[in-house]
Amino acid sequence: MAKDVSTESIDELQNQLTESLGAFRNQHEEIDRVAALKAAQRLVNALQKPKDSVYHLTYSPTQVMCVRIAIDMGIFTTLTERNGPVSLDELAAVKNAKRVLRVLVGIDYVGECDTRIYIPTTMTRQLTDRLSISVVKFLFDVGMPTLAKIPEFLRQQEHRNPEGTTAGPLQFVEKTDETFWTWLPQNPEYLDSCNTFMEANRGARPSWLEWFPVEERLLSVACSDSETLMVDVAGGRGHELVDFAARFPDVTGRLVLQDLPHILEESTIDTKRIEKQAFDLFKPQPIHGARIYYMKFILHDWSDKDSNVILAQIAGAMKRGYSKLIIEEFVLADRDSAMLPAMCDWVMMIFCNSMERSQSRWTRLLEHAGFQVVKFWAPPGDGQSIIEAELK
């Protein structure tokens, strides 16, 4: 919440913003972009009156609601395709178009060049992207009903962290005793949004393949064509392996995508380079002695107890002194946490009754499962870290 600040404080924040922007312009580094963004947000907070800050925060859910409605109304698609001024009458598929557009203009998701005349903005065009659309649909359609009931749920829990995959907020709201992963496939539209969301869950942040020393840490030992180079454990539609194969086209060794059968059926990857294998996280890992076992946003779906079971299956297949476990996840900072992982921590409670983890908690989890952390690799910004681990 914003606080009353003096002119000197605003001048200081402005100077910090100017300095951060200068560094970003000169270096074009992700870490400088994030620093400039935080400085800009602090300046906005300083200019916001405290009472108004409360109002803006409380009313903010209407913003994503209007974006969701606009997707259904085809507003973003129409404006992007026309690529020029469009009247309200041309957009008004229903009478609520003007109400929606007021908010969209206010957050710059739509431009307004004259009275009741609208034009596309950068965000208009972004909301025609299938990945961005699925992010909105999945979090709003599937997550928002549960999010709205979490305060009530936690009051009943006396604000203790709930435990168990079938005793969380989603089960409380949906009145089910199923896990999220067995409940979700019952609604094909939700399942499709979820799987597409998984493709998009890095946003515009750079892939780990761009900043992690892959060749030095993982490819320094050659694999033959018959040996397994990389197993993407519960890798969804295979987008991570596709990126890996494109970045390292000449590296030999099998690339294997593992997930549940109904997920693999949706995958359209090139199976000449990437093999598909039906797989259950809680059963023994069928591929032994691979160089890389990679998991992205998997363990944050599960409690420490369940994660230990999952890790034990992988450990049983790894070759000591050779195999690497590469985990791509958020690592919560002990202080001054970035907002994205802090918010994602709540999203994990919404869907899976689980959590994001700090560095110390990751270390305890992995050591308990028979691993040792080689290094926590921090991302260039506010995205996911890479945890490099191996068998003790």
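Predicted model: local features only at pLDDT ≥ 70, side-chain atom pairs only at ≥ 80, totals over all residues.
Residues are numbered from 1 along each chain as its sequence is written, and side-chain values use heavy atoms, with hydrogens and water left out.

**Stop one: two helices.** Select 130–147 (helix α9) and 339–352 (helix α19); helices are DSSP runs of H or I with at least four residues, strands are runs of E with at least two, and both are numbered from the N terminus. Their axes come within 9 Å and cross at roughly 80° (axes are lines fitted to C-alpha atoms, for helices over the stretch in contact, with angles from 0 to 180 degrees between N-to-C directions). The two are therefore roughly perpendicular, a label for 65 to 115 degrees. Now show side chains: F138, L139, V142, G143, T146 and L147 in α9 meet V347, I350 and F351 in α19, with contact meaning heavy atoms within 4.5 Å.

**Stop two: the sheet.** Next, colour the seven strands of the open, mixed sheet, ordered β6-β5-β4-β7-β8-β12-β11; strands pair if DSSP finds at least two bridges between them. β6 (274–278) and β11 (371–377) are the edges, each with a single partner strand, so one side of each lacks a neighbour in the sheet. Zoom in on β7 (292–296) and β8 (324–329), which pair in the parallel sense over five bridges. Here Y293 stands opposite L325 in β8.

Conventions. Parallel < 35°, antiparallel > 145°, perpendicular 65-115°, else oblique.
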